[in-house]
Amino acid sequence: MMNEYEKVKERMKFDHEEIKKKFMEGLDMVAKRLKKVKTKIAVMSGKGGVGKSTVAALLAIHYGRNGYRTGIMDCDFWGSSIPRIFGVTKKRPVLTGEEIEPVHTDRWGIAIMSIQFFLPSESAPVVWRGPLVSGVIRDMLAKTDWGELDYLIFDLPPGTGDVPITILQEIRPNGVVLVATPQELTTVIVEKSLIMAQELETAVVGLIENMSYYECPQCGHREYIFGRGRGSEIASKYRIPFYAEIPIDPILTKLVDSGKIEAFDTDYFEGFPL
C-alpha cells in the first residue's frame, strides 16, 4: 500500500525531468531528516494578529514541561517571532558542513529553527515571494539536525498560501491546531484554513480560541470583550474538538514581550490528545 509520502510524490507533475529530479531529491532529504521525529503538528490561522506564534510556543512548553523532546520550525518568514518570544534572538545555529544545529531554549531545551537567525538584524524584512520561501523551508528542513524529537511544531504564516500548502502536502503533519479569536471576521477566515486542511487530508486536532476574555484579578469576573461562543460554534459545525479559551493575560503578554515565555506557569494544553 502506498504511504502518504509516496502519494505526495505521485501527485507532483513536472514537464522538465531535471527539475522533477531535484525536487524529488529534496523531498527525500527532508523525509530522511524528519524520520527521527515521532509527531509533527502544524499550528495555523487564517488571519494574522491572532497570537498564533504564542499558542505554538505554549504548546511547545507544554511538551517540554512534561519531559518530551520538542522542536519548533518557524515557517512564518514574513512575521518571524518565535526567537523573540523565547528570548533567543542573540543565539545562532551552529553550521557544520551541510548540517545546521538548531538553537535551544534555556529552560526546557526546545530546539528552534528560524530564518530570523540568518538575517542581518531583527528588523530586516524578508522580501521574498511565496515559492522562494517554500524552497528555503525545504532546504532548512533537509539540513537541520533535529536529532530525535518526540514533537516538532510548525508555526505557519497566516492564510492558505504557498507555505501552508508546502507543509501540509509535503511534510504531512500528524495534525493541525487552529488558532482563532472571538471576532466574527477572524472566525470566518479561520474556517477557510480548516476547510483547506480537510481538503488536503490533514487531521484537524482541534481549535484554540485566543484572547477569549479578560478576567478581573480582584473579583475574578470574566468579560468577553470580543463576544463569546464563535470558536465553539465552528468546532461544533465541523465536529472538531474545542480545546481552550486563552484569556487576555497581562502576565503572559509581559513574558512574551521580554522573551521569557518559558516562565509562564499556566498550561492550557492539559489533556491535549497528541
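1. Ground rules. The model is predicted, with local features needing pLDDT of at least 70 and side-chain atom pairs counting only at pLDDT 80 or more, while totals for chains, interfaces and linings use all residues. Residues are numbered from 1 along each chain as its sequence is written, and side-chain values use heavy atoms, leaving out hydrogens and water.

2. The largest core. A nonpolar core here is a set of buried Ala, Val, Leu, Ile, Met, Phe, Trp, Tyr and Cys residues joined through side-chain atoms within 4.5 Å; buried means under 20% relative accessible area, exposed over 50%, and partly exposed in between (1.4 Å probe, protein chains only). The largest such core has 43 residues, and M73, I137, W146 and F154 touch the most other members. Helix α5 (residues 130–143) gives the largest share, six residues. Helices (H or I, at least four residues) and strands (E, at least two) are DSSP runs numbered from the N terminus.

3. If you leave aside neighbours within four places in sequence, W146 is in contact (heavy atoms within 4.5 Å) with R33, L34, G71, I72, M73, P102, A111, I112, M113, L141 and L152.

4. The cavity. On a 1 Å grid over the protein atoms alone, a cavity is a set of points where a 1.4 Å probe fits but cannot get out, and a pocket is an open set with protein on both sides within 12 Å along at least five of seven lines; lining residues have an atom within 4 Å of a point. Grid points are joined across faces, edges and corners, and a volume is the space filled by probe spheres set on the points.

5. The largest pocket has a volume of about 280 Å³. Its lining has 14 residues, of which E215, P247, I248, D249 and Y268 are the closest to the centre. Both β10 (214–215) and α9 (250–257) supply at least two lining residues. By class, the pocket lining holds ten nonpolar, one polar and three charged residues.

6. Cysteines. How many disulfides does a search of the whole structure find? With a disulfide taken as a pair of cysteine sulfur atoms within 2.5 Å, the search finds zero. The sulfur of C216 has its closest cysteine sulfur in C219, but 3.6 Å is too far for a bond. C216 is partly exposed at 23% relative accessible area, whereas C75 is buried at 0%.

7. A244. This residue sits in strand β12 (residues 242–246) and is buried, at 7% relative accessibility. Beyond neighbours within four places in sequence, A244 is in contact with L207, I208, E209 and Y268.

8. Two positive phi values. R172, not a glycine, has a positive phi of about 55°; R172 lies in the loop between α6 (162–171) and β8 (175–180). Phi of E201, also a residue other than glycine, is near 55°, and E201 lies in the loop between α7 (184–199) and β9 (204–210). Are these residues buried or exposed? R172 is buried at 13% relative accessibility, while E201 is exposed at 58%.

Notes
Ala, Val, Leu, Ile, Met, Phe, Trp, Tyr, Cys and Pro count as nonpolar, Asp, Glu, Lys and Arg as charged, and the others, Gly among them, as polar.
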